[in-house]
Amino acid sequence: AMLADLFASDYFTLDFDAFVEKYKIRKKLKLPISKVRYERISEGLTDEQKDVVFDEKAMTMLILAGPGTGKTKVLVNKIAHMIIEGDYKPEHFLMLTFTRSAAHEFKQRLFDLLSDLTNDIDIYTFHGYATELAGITFDNNQKNAYNFDQLIPEVTQKLRNNELLLPFKNAVILDEFQDVNDESFQFIIELYNQFSQMKNEERSSEVRMIAVGDDDQCIMEMT
């Protein structure tokens, strides 16, 4: 009872920051999801995986591991942690992968942790995002006739020429990084460069980039 009385007294007499600091509730106040979902971020992770998920300093990170080692789980939980505790907004994330099935699985796993917040995160295949940026729409016949091999190089060049408008992003997530070829890599670099130059009143323009791939298949490393 005495503790409850002290809590109530402090609530009405301390200023907000002092009250939050005394009772260590800042993180709880920031949570956009339930306590149960919050606790699931660390559930079932190894110590090594926790080091990745809860790291708040590295602005570029390359996660390499073999199939079945929990890479997707680590990446999903990393994004959830960044949103809950890292002050990143869901709409400022861009997630790129190579297959629709991977994008769908990733979105479903994120939804299990973040619920409706997942709808604000842009999750695309590389070609899907390039198509979106270029404003290209197809019917089935046009898709069959279009040379998709040239899509990413063409969009990359348009970005370099400042012909396309990009939304503000300060977190870029790359899945299946072992499948990145030179053209996709140039696309990534141009996106990164332009995101880094953007200004936003609420958030830093410093871009955090995280890539995940199979270590036995990876053909390119980030520098």
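In the predicted model, L45 touches K50, V53, K73 and N77, leaving aside residues up to four places away in sequence; a contact here means heavy atoms within 4.5 Å. L45 is found in the loop between helix 4 (35-40) and helix 5. At 9% relative accessibility, L45 counts as buried, where buried means under 20% relative accessible area, exposed over 50% and partly exposed in between (1.4 Å probe, protein chains only). L45 and G70 are separated by 25 residues in sequence and by 8.8 Å in space, C-alpha to C-alpha. Helix 5 also holds Q49, which is buried with a relative accessible area of 14%. The side chain of Q49 reaches the backbone nitrogen of T46 at 3.0 Å.

Residues are numbered from 1 along each chain as its sequence is written, and side-chain values use heavy atoms, with hydrogens and water left out. Because the model is predicted, local features need pLDDT of at least 70 and side-chain atom pairs count only at pLDDT 80 or more, whereas totals for chains, interfaces and linings use all residues.

The chain has eleven helices and five strands; these are DSSP runs numbered from the N terminus (helices H or I, at least four residues; strands E, at least two). Of the 223 residues of the chain, 41% count as buried. The chain exposes about 12800 Å², of which carbon and sulfur atoms supply 48%, with areas from the Shrake-Rupley method and a 1.4 Å probe, only the protein chains shown counting as cover for residues. Among contacts between residues at least 6 apart in sequence, 76% join residues at least 24 apart.

The largest nonpolar core has 29 residues, of which I79, F93, F106, L110, L114 and I121 touch the most other members. A nonpolar core is a set of buried Ala, Val, Leu, Ile, Met, Phe, Trp, Tyr and Cys residues joined through side-chain atoms within 4.5 Å. Two or more residues of this core come from each of helix 5 (47-53), strand 1 (60-64), helix 6 (71-84), strand 2, helix 7, strand 4 (171-174) and strand 5 (208-213). Helix 6 gives the largest share, eight residues. A second, separate core of 26 residues includes A130, L174, V180 and M209. In soluble globular proteins, nonpolar side chains tend to be buried together.

The structure holds three aromatic pairs. Rings of Phe, Tyr and Trp (its six-membered ring) pair if their centres lie within 6.5 Å; planes under 30 degrees apart count as stacked, over 60 as edge-to-face and the rest as tilted. The rings of F98 and F126 have centres 4.4 Å apart and planes at 25°, so this pair is stacked. Because F98 lies in the loop between strand 2 (93-97) and helix 7 (100-114) and F126 in helix 8 (residues 126-134), the pair ties together parts that are 28 residues apart in sequence. F98 is partly exposed, with a relative accessible area of 24%, whereas F126 is buried, at 1%.

The mean pLDDT (the predictor's confidence in each residue, from 0 to 100) of the chain is 78, and 71% of its residues reach 70 or more. The pLDDT is below 50 over residues 25-31, a stretch with eleven contacts in the model beyond near neighbours in sequence. Over residues 218-223 the pLDDT is also below 50, and this stretch has 17 such contacts. Where pLDDT is low, the predicted coordinates should not be read in detail.

How values were computed: Polar contact = N/O pair within 3.5 Å; in protein donor to acceptor, adjacent residues only side chain to side chain.
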